[in-house]
Amino acid sequence: MRIRSKAVHAGDRKPPKPQIPVSTPVHFASSWVNTTQAELDRIFAAEEKGFAYSRYTNPTNEALEELITSLENGHGSLACASGMAALEHALKTVLLDRPKRVLCARDIYGATIKLLLDVLKPFGFETAFVDTNDLAAVEAALAGFKPGCLIMETISNPLLRVGDIAALAALCKRADSALIVDNTFATPLLVRPLELGADLVVHSSTKYLAGHGDTLGGLITATEQYFETMRRLSRINGPVMGPMESYLTMRGVKTFALRVERQCQNAAKLAAWLRSHPAVERVYYPDDPAHPDAAVIARTLPEGLYGGMVSFEVCGAGRARIFEFLDSLKMIVRATSLGDVHSMALYPWISSHRDVPLDKKAEMGIRENLVRLSAGIEDIEDIKEDLDGALRAA
Ligand SMILES: Cc1ncc(COP(=O)(O)O)c(C=O)c1O
């Protein structure tokens, strides 16, 4: 080869060596050279496993997908570019052969509501909302609205409601409706929704699974019933994660159980401490014996692992006082995410639930003095000191 050709070809596409790298490399290739056209033909036809084009599958993504499938105890997974891309793809997967009607949990992330109302409604998808903690209301909505699926969160954003996934899955099965569970807040360490009867489990892996605030991603894990449809559609519309993001997510997942255990411990300590703070009106945390879902929580969440999120209301505060409180934080990161190694605080009123109409916010119980805190892995005393200083300053 001459220099212009060498510059393009040298080093790449070496035959496999017997040594196996200890971690999966980042495969940036967009396409693969197959030994024969016949082999490529079989791969395109999905008659043979193999790589042809990264929109179909990529070795780095495949490694991450195998990892999350194993953690969620599912049949197979799809790594997507974001949690929202994963939610949209999950909805399209289960609704492909079903009525385009979505029954959505009332307590849910604001962008999920917008996905249904601003993105999918114009394409003919209808949505109705229901309190998934009221099983009779869900049963009535399944019978009356006849949805193709129910979508909910394991631990809801931001008020930390916990639904009875097993009971809801049984109701959905009877009504021939699929169940999609967003397991972002719980992670598979706390709850594995497929084991409780859900059909698809979705994660914003941006959060606890990746855990370091450096990558965006979404994961869907499906039962056998939906796996082929999910992959077949994604080969066409390509909502897939990039290989670098897959690598970073996989690297993060290796320590997620350690991080989440510590985050749960810190969150429980913060909830207890905030409950006795003079500037705090009310604390939302699933370890509370007076929590409205205490019985479901006792059945669903493992003892001592109630999640890393704590929400609380600041006494008599309006928007200006909450702004002041957040602006006074020194260590806790004021940013619109959660689940990272660093503690984070956010004001749902202007961020995660910004576009939720006022009447809907009131129905969900999101008040203007609510703060959402994601406990990090730092020393608990530093987190308390920072919160205390900001609560007193505000
Ligand atoms: C519960 C939940 N689901 C889904 C998403 C969307 O994930 P992403 O931001 O990765 O698209 C978020 C984002 O905050 C979330 O909190």
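**Figure 1. Charged pairs in the predicted model.** The count of salt bridges here comes to 20, where a salt bridge is a side-chain nitrogen of Lys or Arg within 4 Å of a carboxyl oxygen of Asp or Glu. Side chains of opposite charge can pair when their charged atoms come close. The close-up picks out D199 and K173, a salt bridge whose closest N and O atoms are 3.9 Å apart. This pair links distant parts of the chain, 26 residues apart: D199 sits in the loop between α8 (187–190) and β6 (200–204), and K173 belongs to helix α7 (residues 165–174). Helices (H or I, at least four residues) and strands (E, at least two) are DSSP runs, numbered from the N terminus.

A word on reading all the views: this is a predicted model, in which local features need pLDDT of at least 70 and side-chain atom pairs count only at pLDDT 80 or more, while totals for chains, interfaces and linings use all residues. Residues are numbered from 1 along each chain as its sequence is written, and side-chain values use heavy atoms, with hydrogens and water left out.

Figure 2. Look for S204, where a polar side-chain atom lies 2.8 Å from an oxygen atom of the ligand. For T206, the distance from a side-chain N or O atom to a ligand oxygen is 2.7 Å. K207 also takes part, with a side-chain N or O atom 3.1 Å from an oxygen atom of the ligand. On its own the ligand has 390 Å² of accessible area, and the protein covers 92% of this (Shrake-Rupley method, 1.4 Å probe).

**Figure 3. The largest pocket.** Rolling a probe the size of a water molecule over the atoms shows where empty space is left. The largest pocket has a volume of about 750 Å³. Of the 20 residues that line this pocket, R13, K14, H27, W32 and P59 are the closest to its centre. The lining holds 11 nonpolar, 5 polar and 4 charged residues. On a 1 Å grid over the protein atoms alone, a pocket is an open set of points with protein on both sides within 12 Å along at least five of seven lines, a cavity is a set where a 1.4 Å probe fits but cannot get out, and lining residues have an atom within 4 Å of a point. Grid points are joined across faces, edges and corners, and a volume is the space filled by probe spheres set on the points.

**Figure 4. Two cavities.** The whole structure has 2 cavities of 30 Å³ or more. In the largest cavity there is about 50 Å³ of space, and its lining includes D107, N133, E153 and R161. The second largest cavity has a volume of about 40 Å³, with Y56, E65, L78 and R231 among its lining residues.

Figure 5. N157 and P158 are joined by a cis peptide bond, with omega about 5°. P158 is in the loop between β4 (149–153) and α7. N73, a residue other than glycine, has a positive phi near 55°, and lies in the loop between α3 (59–72) and β1 (76–80). For D176, also not a glycine, phi is positive and near 55°; D176 is found in the loop between α7 and β5 (178–182).

Technical notes: Ala, Val, Leu, Ile, Met, Phe, Trp, Tyr, Cys and Pro count as nonpolar, Asp, Glu, Lys and Arg as charged, and the others, Gly among them, as polar. A polar contact is a pair of N or O atoms within 3.5 Å; within protein, one must be able to donate a hydrogen and the other to accept it, and residues adjacent in sequence count only if both atoms are side-chain atoms.
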